[in-house]
Amino acid sequence: MTDALLDVRDLQVEFDTEDGVVTAVNGVSFSVEPGETLAIVGESGSGKSVSALSIMGLIEKPGRIARGHVDFDNRDLRSIPEREYRKLRGGDLAMIFQDPLSSLNPAFRVGDQIAEALLTHTYESKKAARRQAAVLLDVVGIPQAGDRARDYPHQFSGGMRQRAMIAMAIANKPKLLIADEPTTALDVTIQAQVLEVLRKAQRETDAAMLLITHDLGVVAGMADRVVVMYAGRIVEEGTLDELFYAARHPYTIGLLNSLPRLDSDRRKPLRTIPGTPPSVLNLPPGCALAPRCLYVQDHCLEDRPELTAVGPETHRSACFRSAELPALVGVVTDASS
Amino acid sequence: MSGPLLEVDGLVKHFDVKAGYFGGDGGVVHAVDDVSFALDRNETLGLVGESGCGKSTTGRLVLRLLEPTSGTICFDGTEIHSLRGRALRDLRRRMQIVFQDPYASLNPRMRVQEILAEPMVIQGRRREVKARVPQLLDMVGLHSEHATRYPHEFSGGQRQRIGIARSLALDPDLVVLDEPVSALDVSIQAQVLNLLAELQERLGLAFLFIAHDLSVVRHISDRIAVMYLGKIVEIGAAAAIYSGAGHPYTQALLSAVPEPDPRRERARRRIVLEGDLPSPIDPPTGCRFRTRCWKAQELCETEEPALVDRGQGHPVACHFADVSVNA
């Protein structure tokens with residue numbers, strides 16, 4: 001056992017489909033230390049959300065965890081009975097989803113839904129739970145929290161609903177908060193508010209966070225460490241600065257380059273990653289990025305590179321050319337500018 | 001070739017809301033309220049703002065997909081509101097739209113060649129179809145063998161390319177791009193943005209680029225109009241808006257954009273706005289932004305600030321607009 005709060009080892013998640021077995025997550029390992037924020041970044045279909053659902057024990061048929069370990073707080077989550085799992089969910093292990101409207105029950109008052117989370121885990125008195133629900137709504141910045149606790153979800157705006165979700169998630173002081181695209185559905189000024197609330201909630205509960213997102217801007221402002229996923233596998237892992245300033249995988253570099261920035265050269269063509277992500281039904285035999293990679297060599301098409309250390313032990317990349325990549329990227333930059 | 005291609009003056013669009021079955025008072029949604037701007041040939045005007053600010057409604061009014069409550073829209077010198085019959089059909093040929101959702105905006109039962117041919121068929125130019133379809137596919141980076149496939153056989157990015165090809169079928173002068181890349185993955189977004197810039201250069205198109213993502217808008221636009229609750233609060237050259245925003249809302253919007261740069265994120269001074277967007281059924285008196293503004297004073301409640309140059313070099317609708325904040 002390690003001292004990590006969450007330790008995911010060699011996770012493989014498969015889904016049965018009409019077209020065959022899809023391996024959505026393929027041999028993924030990562031860990032989260034107490035209090036730290038780990039971001040999992042990837043585009044649609046990269047396996048980032050499925051990884052999160054696996055930790056929560058929420059993979060349902062036709063999906064299944066085919067292999068791997070999920071250890072949380074020194075317990076093996078794959079072997080505990082469902083009854084134990086239920087105690088963990090919303091307790092030590094809480095999750096915030098992208099769409100708050102579909103995660104809140106439209107038929108119950110917001111405050112009562114938060115109180116229910118409290119009664120399930122820590123509170124016995126209904127009255128005390130209701131009072132605490134209002135306190136929590138106040139913590140996440142809902143004005144007149146006492147009154148608004150009696151509102152139904154449809155009476156809340158999108159940003160307020162997401163705050164209510166956060167209040168519910170932190171109700172029982174979780175050790176780990178999993179946030180799956182928590183601000184993707186929100187407008188930019190509301191996103192800024194919700195990210196601020198998320199930071200505050202994390203501070204006040206000392207929770208570790210697993211942040212699932214496609215938005216590298218959100219990652220830059222929230223995470224301590226980052227894992228980049230592509231086609232079901234981790235392609236690069238490192239601290240925030242390692243990833244953003246010394247990336248060693250062509251996919252990470254490509255993602256960072258393809259973003260228009262507030263201070264970039266206007267109208268200069270963006271450097272894109274050519275092509276489209278592969279179908280998980282039909283992955284190339286070698287490196288999954290090879291067909292789109294600017295630095296591809298013959299053997300990349302046949303052999304798959306393992307995730308290996310590049311420099312400090314926190315930084316790992318799955319690319320045969322990771323060592324020469326900084327020089328290669330420099331050459332390409334010069335040629336294109 | 002004189003005067004701007006598109007000139008919008010005092011545009012207003014109100015939607016009536018009926019009282020619902022469960023009560024509710026009904027009323028009037030002030031979706032677009034006194035909006036004016038001009039767009040030149042071969043120019044891109046970015047229209048930014050958050051949901052409900054009226055940017056998409058403005059786009060649809062410009063295309064005459066909606067009838068305005070009041071105000072005028074001149075396209076190439078002609079007031080479009082009075083056009084009927086042939087003249088209207090000819091106008092429609094010259095202005096096109098690309099939608100946000102590349103899944104919903106392509107008919108799943110039509111092959112790509114039928115999708116691309118439809119505008120020509122409607123305009124009575126069926127004879128051009130055969131030569132034009134491969135041309136259009138090539139223009140957007142697809143292959144002629146894609147013509148016989150159905151939309152579901154394509155990825156999101158490729159579908160958006162098909163949507164763009166369809167908008168170009170009739171050789172338009174103006175294309176309204178309504179959040180054209182916001183449904184796409186990051187790596188695909190950049191491809192489509194590059195394609196749009198290239199097409200504009202090649203075909204001399206004017207773009208009305210509607211989006212909520214400020215980094216994207218800045219990248220593609222020559223000029224930018226920032227909308228809040230149905231009104232333009234600031235309009236000017238892209239560089240000027242980003243380096244010297246005068247309106248508090250523009251400043252807040254810019255400071256809220258998460259940047260993919262940890263050092264800047266750590267150092268940044270964030271303006272986090274209080275509260276939510278007020279209802280467009282009952283917008284605040286005076287300045288519509290005052291309920292969330294940290295600079296608001298009594299004057300803001302009683303008097304609506306005009307959209308005029310207050311020393312910024314571009315029009316700003318704020319009584320207390322900053323002059324060059326980023327100096």
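Modeller: Below we go through some helices, one strand residue and the contact between the chains. Keep in mind that this is a predicted model.

Biologist: Start with α6(B). What end-to-end distance should its 18 residues span, and what do its C-alpha atoms give?

Modeller: Helix α6 of chain B covers residues 186-203. At 1.5 Å a residue it should span 26 Å, and its end C-alpha atoms are 26 Å apart, so the two agree.

Biologist: Which residues of α6(B) are buried?

Modeller: Val186(B), Ser187(B), Ile188(B), Gln189(B), Ala190(B), Gln191(B), Val192(B), Leu193(B), Leu195(B) and Leu196(B).

Biologist: And what do those buried residues pack against?

Modeller: Elements from both chains. In chain A there is α11 (250-258), and in chain B there are α5 (156-168) and α7 (214-220). Just after α6(B) comes Gly204(B), with a positive phi of about 65°.

Biologist: Take the α5(B) pairing. At what angle does α5(B) pack with α6(B)?

Modeller: About 20°, with the axes 10 Å apart. An angle under 35 degrees counts as roughly parallel, so α5(B) is roughly parallel to α6(B). Their crossing is right-handed.

Biologist: Which residues meet there?

Modeller: From α5(B), Gly156(B), Gly157(B), Gln160(B), Arg161(B) and Ile164(B). They meet Ile188(B), Gln191(B), Val192(B) and Leu195(B) of α6(B). By class, that contact has 4 nonpolar, 4 polar and 1 charged.

Biologist: Switching to α3(B). Which of its residues are buried, and what do they pack against?

Modeller: In α3(B), residues 112-122, the buried ones are Val112(B), Gln113(B), Ile115(B), Leu116(B), Ala117(B) and Pro119(B). They pack against α4 (129-139) and α5 of chain B. Gly124(B) follows the helix, with a positive phi near 70°.

Biologist: How do α3(B) and α4(B) cross?

Modeller: At roughly 120°, with axes coming within 10 Å. That makes α3(B) oblique to α4(B). The crossing is right-handed.

Biologist: Who touches whom in that pair?

Modeller: Gln113(B), Leu116(B), Ala117(B) and Met120(B) of α3(B) meet Val129(B), Arg132(B), Val133(B) and Leu136(B) of α4(B).

Biologist: Over to chain A. How many residues of α1(A) are buried?

Modeller: 8 of the 8, so α1(A), residues 48-55, is largely enclosed by the rest of the structure. The buried set includes Lys48(A), Ser49(A) and Ser51(A), along with Val50(A) and Leu53(A). Gly57(A) follows the helix, and its phi is positive, near 70°.

Biologist: Last one, Ser36(B). Where does Ser36(B) sit?

Modeller: In strand β2 of chain B, residues 27-39. Ser36(B) counts as partly exposed because it has 16 C-beta neighbours inside 10 Å, while buried would take 20 or more.

Biologist: What is Ser36(B) in contact with, beyond its neighbours within four places in sequence?

Modeller: Val8(B), Asp9(B), Gly10(B) and Leu11(B). Also, Thr72(B) is 36 residues away along the chain, yet the C-alpha atoms of Ser36(B) and Thr72(B) are separated by 9.0 Å.

Notes:
Residues numbered from 1 in each chain as written. Chains lettered and ligands numbered in written order. Predicted model: local features only at pLDDT ≥ 70, side-chain atom pairs only at ≥ 80, totals over all residues. Helix = DSSP H or I, 4+ residues; strand = E, 2+ residues; numbered from the N terminus. Expected span 1.5 Å × (residues − 1). Buried ≥ 20, exposed ≤ 12 C-beta atoms within 10 Å, placed from the backbone. Contact = placed C-beta atoms within 7 Å. Axes fitted to C-alpha atoms, helices over the stretch in contact; angles between N-to-C directions. Parallel < 35°, antiparallel > 145°, perpendicular 65-115°, else oblique. Left-handed = near helix turned anticlockwise from the far one by under 90°. Nonpolar A, V, L, I, M, F, W, Y, C, P; charged D, E, K, R; others polar.
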